[in-house]
Amino acid sequence: MPLNKYPFVLLLIFGPFLSLGWGFYAHKKINEQAVYSLPPELFGFYKNHLNYLTERATDPDKRRYAVENEGPKHFLDADYYEKQLPLDTLPKNWFKAVEKYSLDTLQKHGIGPWNLQLMQKQLVKAFEEKNIFRIIKLSTDMGHYVADMHVPLHTTSNYNGQKTGQHGIHGLWESRLPELFASNYNFVVGRAVYIDSVEYSIWNAFEKSHSLVDSVLNTERRVSNLFSEDKKYVIEQRGASTVKTYSREFSSKYHQELGTMVEDRMKDAMYLLSCLWYTAWVEAGMPNLELNQGFGIPEYDSDELKEIETNYQKGSIKGREEPNE
Ligand SMILES: [Zn+2]
């Protein structure tokens, strides 16, 4: 289903980022910086596995091509349930939400924050069992979902501006802008702390993202009014293809008008992720983990990777054709 009148070219532009949420750069960076925010007692352990944590940061997006129920973990259409913040009728507890809305409805409109709460419990268990591979795998995946929950357009059914004539804004905000400007961001965030209420912290981050949806959309509309079509987009030669993309001038103006929004969302994601990892370790009784102990990557992980890569190359998302581009 074409997303706009330039479906082909936009797909080409964002092709490498088509399903990568924030884009590879941002996901990798968020997982990496979360490690550097850990208190010393946990930093060494995570640092030792930095390679896996960063290189596999976009696995969950690729998994959407292989696994039926993967898609809903990356978003939640808050506007389907409530027209304004705070989200006070949507149960923050998964079981209560299922009871109230049914599993089918929840899967259809996204389960991002609930999925994270579940993963946090799984991470505590992995720490208790000192299962190094599982700790690192869960931590890596959680990094991805925490990052996604910090993207405003992952919290609305108008996720690609398709309801407001702003097709392509998803990729513009979360891939094009970081790609162009993140090298100037200052990613220093505070030292991670123990979180008393994981549920509150996750939903709080989510609501913050949702509160920015109007600004993301309205700012784009306002800036678009300053640019004629031929100044808003450029045709670029990328290898053998001719593609149409948002011009650097337009992207720059939009980025400027957003203030520090993209940078702030990335930083908040890094910090929350680091706090969640640390909190899970504390909850598990601060197990002593062998610093230099590597882990053989289990066969099933390599098999899974092969499968998701293969399906990713084939390029057909299972479930909702949610762009994330
Ligand atoms: Zn994602």
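A helix, as I use the word today, is a DSSP run of H or I with at least four residues, and helices are numbered from the N terminus. The model is a predicted one.

I'll start with helix H9, residues 112–128. At 1.5 Å a residue, its 17 residues should span 24 Å, and the end C-alpha atoms are 25 Å apart, so the two figures agree. Just after H9 comes lysine 130, with a positive phi of about 50°.

Which residues of H9 are buried? They are Gly112, Pro113, Trp114, Asn115, Leu116, Met119, Gln120, Leu123, Ala126 and Phe127. Their cover includes helix H7 (94–101), H10, helix H12 (198–211) and H16.

Now the pair H9 and H16. Two packed helices are described by the angle and the distance between their axes. Here the axes come within 8 Å and cross at roughly 50°, which makes H9 oblique to H16. The crossing is right-handed. On the H9 side, the contact is made by Gln120, Leu123, Val124 and Phe127; H16 supplies Leu276, Ala280, Trp281 and Glu283. Six of these contact residues are nonpolar, one is polar and one is charged.

Next, helix H2, residues 24–36. With 13 residues at 1.5 Å each, H2 should span 18 Å; the ends, taken at their C-alpha atoms, lie 19 Å apart, so this agrees too. Buried in H2 are Ala26, His27, Lys29, Ile30, Asn31, Gln33, Ala34 and Val35. What do they pack against? Helices H3 (40–47), H4 (50–55), H10 (132–148), H11 (169–181) and H16 (261–283).

Technical notes. Residues numbered from 1 in each chain as written. Predicted model: local features only at pLDDT ≥ 70, side-chain atom pairs only at ≥ 80, totals over all residues. Helix = DSSP H or I, 4+ residues; strand = E, 2+ residues; numbered from the N terminus. Expected span 1.5 Å × (residues − 1). Buried ≥ 20, exposed ≤ 12 C-beta atoms within 10 Å, placed from the backbone. Contact = placed C-beta atoms within 7 Å. Axes fitted to C-alpha atoms, helices over the stretch in contact; angles between N-to-C directions. Parallel < 35°, antiparallel > 145°, perpendicular 65-115°, else oblique. Left-handed = near helix turned anticlockwise from the far one by under 90°. Nonpolar A, V, L, I, M, F, W, Y, C, P; charged D, E, K, R; others polar.
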